[in-house]
Amino acid sequence: MPELPEVEALKDFLAEHLAGRRVARVLPVAVSVLKTYDPPVTALEGAEVAAVHRHGKFLDLEADSGLHLVTHLARAGWLQWKDRLPDGPPKPGRGPLALRVALETGEGFDLTEAGTQKRLAVYVVRDPQEVEGIARLGPDPLGDGFDEEWFAALLRDERRRLKGALRDQSLIAGVGNAYSDEILHAAKTSPFKLASSLTPQETRQLYEALRSTLSEAVERSRGMAAGRLKAEKKSGLRVHGRTGEPCPVCGDTIREVSFSDSSLQYCPTCQTGGRPLADRRLSRLLK
């Protein structure tokens, strides 16, 4: 799933390629992608793109008409920029194409989604806060004013494990499965540790890891073409998605804990005092 650094890079890329350009057509191919119907997507046609914003993992294209085209790419969605879009409207079918935005210049982008779980979402609204997912977002961890004191206050009464707390968009906006693994590894902290149990020193380490991990990922992605961002994200990850590989810090083997629809990766030596965490799915298989 694209997370804060990739969506931030997409925002910058689109701002460069869309700002001041006029929308010619908005063509939904998969009707399920549209989550709002008033105003219709056609209301954006003829409008000029005034700005591009990011809210957590949401992309927000603001038109000079006051309307916003808001997108959440979900787990398998992506944005593909085209210097020249194909002639003629796209044909509905079983392919990954969900929605096309064409500019008057002939350029534009496609929103695509792989797999069978169709979760990519597009909204046309007058105010981004009309989108429920945006309205419930917590603070942006790279935003102005997000200091260590604010972070500590968020975790003080949080009774969940750190892995789940970091992924909760209503607590902190923009961090998902991959970067939560990376942040916890950088902080040398167990993903199963209770958030409210952190000492002031552990809180400071986690805060610094949160800010540095995301900031460095944003810098690596800055200026990249949209099509290269997925590969850049994968190449920059130290533990996430690297089960069985050596930890780049200590050399221990990276371990995994699997859940019903996701998994986490961690280094026992760096994060859990050398103790492997219980993988309940694996335990059930061994019974």
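Select Lys233 and Glu3 to begin: both residues are buried. The model is a predicted one. The two side chains form a salt bridge, with 3.4 Å from N to O. Lys233 sits in helix α7 (residues 229-236) and Glu3 in the segment before α1 (4-18), so 230 residues separate the partners, and the pair links distant parts of the chain.

Next, select Arg25 and Glu45. Their closest N and O atoms are 3.6 Å apart, in a salt bridge. Because Arg25 belongs to strand β1 and Glu45 to the loop between β1 and β2 (49-55), the pair ties together parts 20 residues apart in sequence. Arg25 counts as partly exposed, at 43% relative accessibility, and Glu45 is also partly exposed, at 28%.

Move to Arg160 and Glu158, whose side chains meet in a salt bridge at 2.6 Å, N to O. Here Arg160 is partly exposed, with a relative accessible area of 34%, while Glu158 is buried, at 12%.

Now select Glu8, Lys11, Asp12, Arg54, Asp140, Glu219 and Arg222 together; salt bridges link them in a network. The whole structure holds 20 salt bridges.

The last stop is a cavity. A search of the whole structure finds 1 cavity of 30 Å³ or more, and the largest cavity holds about 70 Å³ of space. To show its lining, select Val23, Val26, Leu44, Ala47, Val49, Leu61, Glu62, Ala63, Leu69 and Val101. Strands β1 (23-28) and β3 (58-63) are the elements that give two or more residues to this lining, and β3 provides the largest share, 3 residues. By class, the lining has 9 nonpolar, no polar and 1 charged residues.

Definitions and conventions
Residues are numbered from 1 along each chain as its sequence is written. This is a predicted model: local features need pLDDT of at least 70, side-chain atom pairs count only at pLDDT 80 or more; totals for chains, interfaces and linings use all residues. Side-chain values use heavy atoms; hydrogens and water are left out. On a 1 Å grid over the protein atoms alone, a cavity is a set of points where a 1.4 Å probe fits but cannot get out, and a pocket is an open set with protein on both sides within 12 Å along at least five of seven lines; lining residues have an atom within 4 Å of a point. Grid points are joined across faces, edges and corners, and a volume is the space filled by probe spheres set on the points. Helices (H or I, at least four residues) and strands (E, at least two) are DSSP runs, numbered from the N terminus. Ala, Val, Leu, Ile, Met, Phe, Trp, Tyr, Cys and Pro count as nonpolar, Asp, Glu, Lys and Arg as charged, and the others, Gly among them, as polar. A salt bridge is a side-chain nitrogen of Lys or Arg within 4 Å of a carboxyl oxygen of Asp or Glu. Buried means under 20% relative accessible area, exposed over 50%, partly exposed in between (1.4 Å probe, protein chains only).
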